[in-house]
Structure formats: C-alpha cells, structure tokens
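Work through these exercises with the model open beside you. Try each task before reading its solution.

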Amino acid sequence: MADETPESLIPYDEIVQEALRDVVGRVLSSVEKGGALPGGHHFYITFRTRMPGVEIPKHLAQRFPDEMTIVIQHRYWDLKVAPDHFTVGLSFGGVPATLRVPFAAVTDFVDPAVDFSLKFQANGAENDGHEEHDDAENDAPAVVPVEDGSNVVSVDFTRKK
C-alpha cells in the first residue's frame, strides 16, 4: 500500500489549532489594550460550555449545556486576556455576568465587519460540524454590509488515510 499516508508522530493538527487560537488571543488583547473595539469590528465567539476551565453562571450552563455564542460589540466590560483564557462581563436578559472562557474551548471566532472567521475543534476532539444553538442574547448586533471579498480561514483537520 504505497499510496497510504503514514500516521504522523508529530501532532500537526494540535500545533495549527493552537497557533490559530493565538490569533483570537492577540485580537482580544488588542481590544483590551485599546479599551474599545476599533471601527465597526465586533466578535461572535462560540465555545463549548462543558470544557474544563469554562466558568459561566449556572442558569446559562443549564440553558446552553454544550455550546454557547456570545457577542462582544456594544455592551461588554472588564475584558481581560490571559495566555490561556479570557474573561468578559456581559449582560443576559438584563442580568450581568462574568464569563471565563479558555481559548481551548473556543470553536468559532467571527468578525462579521470584515468577513473574517476561524473555526476550531474544541480540545482536539473530532468535530462533525457545529451544533445548533440559540442566537447570542447578550447584545443586539448591528447588521453591517460586507464588501465583496472574503478573509475566511477554514482549516480541515481530518486525516487522510
């Protein structure tokens, strides 16, 4: 079977995932340092709620037992970025909450203002597509027209055998 690709002993998938998650951390760090989102930028961040290190209020964990999407746009506060996670204050139905999200739990990062998107596999797990979930309730995102042209980055981490 000369056509078969040998199994890699180097975890390329994990290395690439970690590097792409660093993009999310750098973007959020830039916003933290600047004190506000630049221009029309805003972020949809989807994460696995059951991942180790995720800290969200109990009522949100019950409502979103697997995956949750938040919007960082108009109403957020205390954005803090650490090497392995971020924390942010958001309001859900008028009730303020602080969320702690490890970058390893993030499955999607989207900036619709510039048509930029990253998709991840949480914790290196196989991802058969994204689960259906309710729309984010922490912000009322503005619809921003996107000019033609795409900056979407999609990485397929399935192994060829």
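**Exercise 1.** How many aromatic pairs does a search of the whole structure find?

*Solution.* This is a predicted model. The search of the whole structure finds 2 aromatic pairs. Take the rings of Phe 86 and Phe 103: their centres are 5.9 Å apart. Their planes stand at 40 degrees, so the pair is tilted. Now place the residues. Phe 86 lies in strand E4, and Phe 103 lies in the loop between E5 and E6, so the pair ties together parts that are 17 residues apart in sequence.

**Exercise 2.** Is Phe 86 buried or exposed? Classify Phe 103 as well.

*Solution.* Buried means under 20% relative accessible area. Phe 86 has 0% relative accessibility and counts as buried. Phe 103, at 6%, also counts as buried.

**Exercise 3.** In which order do the 3 strands of the open sheet lie?

*Solution.* The order is E3-E4-E5, with antiparallel pairing. Next, find the edges. Strand E3 (76-81) and strand E5 (95-102) each have a single partner strand, so one side of each is left without a neighbour in the sheet. Then check the pairing of E4 (residues 85-92) with E5: it runs over 8 bridges. Within E5, Val 95 is the bridge partner of Phe 92. H1 (residues 12-34) lies across E3 and E4, at about 125 degrees to E3.

**Exercise 4.** How many residues lie between E6 and E7 in their hairpin?

*Solution.* There are 4 residues between them. In the turn, Asp 115 has a positive phi of about 55 degrees. The antiparallel strands E6 (residues 106-111) and E7 (residues 116-119) are joined by 4 bridges. Asp 108 stands opposite Lys 119 in E7.

Conventions: Residues are numbered from 1 along each chain as its sequence is written. This is a predicted model: local features need pLDDT of at least 70, side-chain atom pairs count only at pLDDT 80 or more; totals for chains, interfaces and linings use all residues. Side-chain values use heavy atoms; hydrogens and water are left out. Two strands pair if DSSP finds at least two bridges between them. Helices (H or I, at least four residues) and strands (E, at least two) are DSSP runs, numbered from the N terminus. Contact means heavy atoms within 4.5 Å. Axes are lines fitted to C-alpha atoms, for helices over the stretch in contact, and angles run from 0 to 180 degrees between N-to-C directions. Rings of Phe, Tyr and Trp (its six-membered ring) pair if their centres lie within 6.5 Å; planes under 30 degrees apart count as stacked, over 60 as edge-to-face and the rest as tilted. Buried means under 20% relative accessible area, exposed over 50%, partly exposed in between (1.4 Å probe, protein chains only).
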